[in-house]
Amino acid sequence: MYDRKQLKSQAKSIIKKHYILLVALCLIAAILGSEFTSSISGWTSNTSDTSSEVSDIQSEQIIGGTSSFENVLSSLLSDDAKTANKIAQDKTKEYTSEKEDSSNRFGHTQGIIARIVRSISSGSILITVTNIFMNITKSTSLAMAIVLLIAFLLWLAFNIFIVSYNRVVMRRMFLEAGTYEKVPFSHMIHSYANRKNMRAALAYFKSTIYKYLWALTIIGYPIKSYAYAMVPYILAENPDLKGSEAITLSRKMMKGHKWQLFVLDCSLIGWYLLSAFTFGILDILFINPYITAIHCEYFKWLRTLSKENGLDDIVFLNDTYLYEKADTQTLQVAYADIAEEEKALQGKEIPLTGIQKFFAENFSIWIGTIASKNDYQAIQNTKYRISADHDALEKKTYPVRLNPLYKPSLKKSPFNIQFIRCYTIWSLILFFFLFSFIGWAWEVVLMLVTLGKFVNRGLLLGPWLPIYGTGGVVALLLLARLRKNPPACFCGAIILSGILEYSTAWYLEMAYHQKWWDYTGYFLNLDGRICAEGLLVFGVGCSLVIYLVGPLFDSFVSKRPAKVIIPLSIALLAIFGADVVYSHFHPNAGEGVTGSVEIENTTFITNTNSIPQRKTLS
C-alpha cells in the first residue's frame, strides 16, 4: 500500500547511510548543468554581493544570458561584422582593464578559465569562429550558417552526453544506495556492466524532445512530464531499452498515478521555501539528494505494484538484484574464480615488522629488499583488483556479474600499472629531482611560448623547482591511504597542494619581501597565493604522479643496481644543497622569473624591486 510518509522515511534513511556520496552526485549534476543548477546559481549570486565585479560576472558572463554575446550574434546575423567586432573588442577591453586586488576571491581577469569566460561572454569566440569559416567559404552568410550548425551540434552533444547520461546514471547509483551499504564511485560509468550507457542517454534524450514538443501545447507539458517521469529510472535499470519502449512503459506505469506523484511533489513545497532562505546551500547539503531519493523510492514502489498487477512490458525491468541481495550460493557461482584467487593468496603474505608495516601501510615507504618489495606490491595489487568483487561476494555492493546485461571483458587491458606500491628512500630522492625538473621544464616552456625567450624560473639557479618535487613526493607519501579511492585521492591532492603552495608563497614573501607568483585576478584566488585553476591542475598532476608517473618511474629505478642509484642520489643532494645555500644570499631574479607573465592585454609581475610591481606591456 502506498504510504507517502514511509517513502520519505526510507529516503532519509538512505541519505543517512550514503550522505557524502549522494550529496556529491547531486553537486556534480549541478556543476555539469544537468540538474539542480538553480542551487549553484542561487548561491553564487548571493555570495557575489560582496563584490561589484562578481556581480558583473553573474549579470554579463553566463553563457546564454550575456548581452554582449547576444548583441554580437545579432550583429553577425544582420551581416554587420564591423559592429560585432566593436562590441566584442569593447567588452574584452573592459574585462581586461578592470582593476583586481588580492582580496577579491572571485577574480576574473586572468587565467585560462577567465579567458574562456571572456571569449564567450564578450562574443569574441563567435567572431573568431565566423572569421575562420569566412576565410574558407568567402561568404558571411554561409559562415554564419556553419557556426549556427556547430552551436546546435554542441548543444545536442551536451544534452545527450552530459545531461541525459548524468540523469540516468545518477538514479542508478541512488537505486543501488537503497539496497547496498557500498556504492563505488566508479559506477558513475555504468558501462562497467553492460556497455549500454550511450544507448540509455539517447533514449532519455528522446523523452526530453517529446516533452519539449508537448510544451508547445501548454497544457500537454505538465501532463506528459508526469507521464514520462519514470523514464530515467527505467533506463537506469535497463539501459538496453529504446527511447520509445522506455516512454511507453513509463506511461503505462504512471497511468492512474500522475496525480499521486503530483501530490507527493506538492508535499515537498515546504523544503523549497526553506531553500529560498538559505540561498541554495540547503539544496546542496540536503534537499536535492532528499527529493531524488524520494522519487527513487516512489519508482521502486510503483515498480513492485506494476509487477503485481502484471503490467504489459514490465518484464523489461528484470534487474532483480538492484533491489534485493542475492543468496550466497548464487554469488559464489558467479564469482567462483574470485574466490579461488583469494584462496591462492592465502599463505603468500609478506610478513612485516612493526616499523616496516607502519611506514609501508601509511606512507608507502619501503624498508627492506627490492625483491620483498616487489612481492609485497604484487599481492597488494591483486587484492585491490579483486576487492570490488569481494565486496559483491559479501553482499556489500551490487553484484555486477548478476546484471542481466553483463558481458565479461574479452580482453584485459595491456596497460596494467600497479599503483599500489611502496617506494625506497633512494627512489623518493630521485622522484624529488625528477618532479622538480619536470616542473621547471614546464614553466620554462610556458615562458618560452609566452615571452619568446628562455627564462630560468624559480628562486634557485639549477634546473629545478623544489615546490614541484616536494609536492610530488608529499603526494606519494601522504595520499598513500587514499590510492584505492581515486575521487578521494583527487580531492586530497587538491587540499594538499593548496596547503603546500599557500604556505610556500607566504614563507617566500616573509623571507624575501617579494612575491614569486601572484594569482590576483584568477577565479577563486586566496590572497593571490593560490587559485582554483591552479589547484585543479595540481590535483590532476598529483593524480598522474600517484597512478602513472610514480609507478612507472619506480619500476625503472627498481631495476637499476644500488651501486648506481645511491651515488647518483647523494651527488644530486650535494649539488642541490649547495644551490640552496648560494641562492639564499643571491636569489635568482629578473623579468619573468617570478609571478604570472602574459602578453598583450595581460599583466607582468616582476621582482626587480623589493615589492612586486605591475606593468602592462604592449
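This is a predicted model: local features need pLDDT of at least 70, side-chain atom pairs count only at pLDDT 80 or more; totals for chains, interfaces and linings use all residues.
Are the two partners buried or exposed? Both Arg 421 and Asp 554 are buried.

Asp 554 also meets the side chain of Lys 373 in a salt bridge, with an N to O distance of 2.9 Å. Lys 373 lies in helix H20 and Asp 554 in helix H24 (residues 532-558), so this contact ties together parts of the chain that are 181 residues apart in sequence. Lys 373 has a relative accessibility of 0% and counts as buried. Asp 554 likewise comes out at 0%, and because buried means under 20% relative accessible area, it falls in that class.

## Salt bridges elsewhere

How many salt bridges does a search of the whole structure find? The search gives 16. One of them joins the side chains of Asp 337 and Arg 401, at 2.7 Å from N to O. Asp 337 is part of helix H18 (residues 336-345), and Arg 401 is in the loop between helix H20 (370-393) and helix H21 (425-451), so the pair ties together parts that are 64 residues apart in sequence.

The setting of this pair is partly exposed: Asp 337 has a relative accessibility of 38%, and Arg 401 has a relative accessible area of 23%. For contrast, recall that Arg 421 and Asp 554 are buried.

## Helices H8 and H9

Now to the helix packing. The axes of helix H8 (residues 124-137) and helix H9 (residues 140-177) come within 8 Å and cross at roughly 130 degrees. H8 and H9 are therefore oblique to each other, and their crossing is right-handed.

Which residues of H8 and H9 make the contact? From H8 come Leu 126, Val 129, Thr 130, Phe 133, Met 134 and Thr 137. H9 contributes Thr 140, Leu 142, Ala 143, Met 144, Ile 146, Val 147 and Ile 150. Sorted by class, the contact of H8 with H9 holds 10 nonpolar residues, three polar ones and no charged ones.

## Helices H15 and H16

Helix H15 (residues 269-276) and helix H16 (residues 281-308) have axes that come within 10 Å and cross at roughly 165 degrees. H15 and H16 are therefore roughly antiparallel to each other, because angles over 145 degrees count that way. The crossing of H15 and H16 is left-handed.

On the H15 side, the contact is made by Trp 271, Tyr 272, Leu 274 and Ser 275. On the H16 side, the residues are Leu 282, Asp 283, Phe 286, Ile 287, Tyr 290 and Ile 291. By class, the contact of H15 with H16 has eight nonpolar residues, one polar and one charged.

## The chain as a whole

Stepping back, the secondary structure of the protein chain comes to 25 helices and four strands. The chain has 618 residues, and buried residues make up 45% of them.

Terms used
Residues are numbered from 1 along each chain as its sequence is written. Side-chain values use heavy atoms; hydrogens and water are left out. A salt bridge is a side-chain nitrogen of Lys or Arg within 4 Å of a carboxyl oxygen of Asp or Glu. Helices (H or I, at least four residues) and strands (E, at least two) are DSSP runs, numbered from the N terminus. Buried means under 20% relative accessible area, exposed over 50%, partly exposed in between (1.4 Å probe, protein chains only). Axes are lines fitted to C-alpha atoms, for helices over the stretch in contact, and angles run from 0 to 180 degrees between N-to-C directions. Angles under 35 degrees count as roughly parallel, over 145 as roughly antiparallel, 65 to 115 as roughly perpendicular and the rest as oblique. A crossing is left-handed if the near helix is turned anticlockwise from the far one by less than a right angle, and right-handed if clockwise. Contact means heavy atoms within 4.5 Å. Ala, Val, Leu, Ile, Met, Phe, Trp, Tyr, Cys and Pro count as nonpolar, Asp, Glu, Lys and Arg as charged, and the others, Gly among them, as polar.
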